[in-house]
Amino acid sequence: MKQEKPLLPLSTIINMSMGFLGIQMAFALQNANASRIFQNFGAEIESLSWFWLVAPITGLIVQPIIGHMGDHTWSEKWGRRKPYFLIGAVLTAIALVFLPNSASVTHVMAGSVLLFAVIFLAMMDASINISMEPFRALVGDMLNKKQGTLGFSVQTILIGIGAVIGSNMPHWLTYLGVANTAPEGYVSDTVIYSFYIGAIVLLLTIVYTVLTTKEYGPKDFERFTQDSESVASKEKAKLSDIFRDFGQMPALMRSLGAVQFFSWFALFTMWVFTTPAIATHHYGLPYTDVQSETYNIAANQVGVLFGYYNLFAVGFAFALIPLARIMGKKYTHALALLCGGVGLISLYFIQDTNWLWVSMLGIGFAWASILAMPYAMLIDALPLKKMGVFMGIFNFFIVLPQIVNGIIGGPVVKAFFGNYAIGYLVLGGVLMIIAAIISMMLKGVDSDTDTSEQSAI
């Protein structure tokens, strides 16, 4: 007879999600500094989004495979998801050390600095995905469905804390006297040392989760599923099963895919083009200036702004549960996406750089919801035995818009906006508002009352 999973205490949910703090610190360092690094290494703005393509492409490939493998993994000592946490963390830490030092690597190994930077970015993104997907699946594995919103909200809070630290690190190091400029073709020490610190924090938080979290075993899963077969099936799993699972995805996943597409197209636009947009639109620099002190000040401010939106996301994450209870999940998500769209558009109209944090308020609301609500809506529709692979497949709707944007983004900025990227950020805001409209029209969500979330806290 099927049994419900027990409600877990908040401390356990925090422990099992702590590694996300380190993962997101690494992710924030990449988001705030990758464009800066590539421009320092000589990349032109029209080709900037092409270098970012390695991130979604690796996610497209890695996440479903890791999810599928995790669904069919079990070790008495290490569990189901924790081996992937550790492997991903070690590889990500190595990439964090080498990415900003790509120019130095060329002195040891002959080659193009941009080529090495792309290789290390690809390694970093693949490794982050190895760790990130199992964390999403772990919530589905461990939590009673009544605690779904709570679990993903806790992850969002820890993600926000890690991102605030990562985004602000170059600015903080500049304040402490670390050099914020570098010779042409190199990256400043503020960025290099920030990536070192990110690698250390990532390893520490992942190890903490591994040591403090005990996963359910196969016998436990047999009690939590109506199927007689264990979740950790002894049948030989085939990677080709992913394509079969793709065709069997729940209808709600397909509907959420449209929301995700427009949301993540907008996010990718922001991550790639905010640095050149702020440098040109707010600091008056020509788009060709990528090495001056003013450019590096603008780039540092982008890191601070990204820290702001992540900080606001932490605050809004606390409001997600009561809002979902009152408004329902899909309308809560729609409201947050509307705020994010307005926030992106407002970057064009706010000229005083001291007030740009206001734009980050709405973006932070959207980011908090994007990290939690789609998964909270989806978790009820996924079979326990396929939690990992379906979470990986769901990632398709995150990476595909980034790939599309990566291909067309730079040429669009050049052809329609004269290489000045602020107009493309406005377009991103419009697309996020479209995502909000689609969210309000979702079917099969909030059919049950959300009062269960209250009793689960």
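**Ground rules.** I number residues from 1 along each chain as its sequence is written, and I use heavy atoms for side-chain values, with hydrogens and water left out. Because the model is predicted, local features need pLDDT of at least 70 and side-chain atom pairs count only at pLDDT 80 or more, while totals for chains, interfaces and linings use all residues.

**Helix 12.** I looked up residues 251-282, which form helix 12; helices here are DSSP runs (H or I, at least four residues), numbered from the N terminus. The 32 residues of helix 12 should span 46 Å at 1.5 Å a residue, and the end C-alpha atoms, 44 Å apart, agree with that; the expected span is 1.5 Å times one less than the number of residues. I found a kink of about 55° at Phe-273, shortly before Pro-276, the bend being the angle between axes fitted to the seven residues ending at a position and the seven starting there. Helix 12 is largely enclosed by the rest of the structure, because 25 of its 32 residues are buried (under 20% relative accessible area; exposed is over 50%, partly exposed in between, with a 1.4 Å probe and protein chains only).

**Gln-260.** Leaving aside neighbours within four places in sequence, I find Gln-260 in contact with Pro-374, Phe-394, Phe-397, Ile-398 and Pro-401 (heavy atoms within 4.5 Å).

**Helix 13.** I noted a bend of about 35° at Leu-320, with the proline Pro-322 following within four residues. After helix 13 comes Gly-328, which has a positive phi, near 95°.

**Nonpolar patch.** I looked up a nonpolar surface patch of about 840 Å², with Met-327, Tyr-331 and Ile-437 among its residues. Patch residues have over 30% relative accessible area and no salt bridge, with like charges joined within 9 Å and nonpolar side chains (Val, Leu, Ile, Met, Phe, Trp, Tyr) within 5 Å; areas come from the Shrake-Rupley method with a 1.4 Å probe, and for residues only the protein chains shown count as cover. Helix 14 gives the largest share, four residues. Met-327, in helix 13, is partly exposed at 32%.

**Salt bridge.** How many did a search of the whole structure find? One salt bridge was found, a side-chain nitrogen of Lys or Arg within 4 Å of a carboxyl oxygen of Asp or Glu being the criterion. Glu-46 and Lys-414 form the pair, at 3.2 Å, N to O, and they lie 368 residues apart.

Key: Helices (H or I, at least four residues) and strands (E, at least two) are DSSP runs, numbered from the N terminus.
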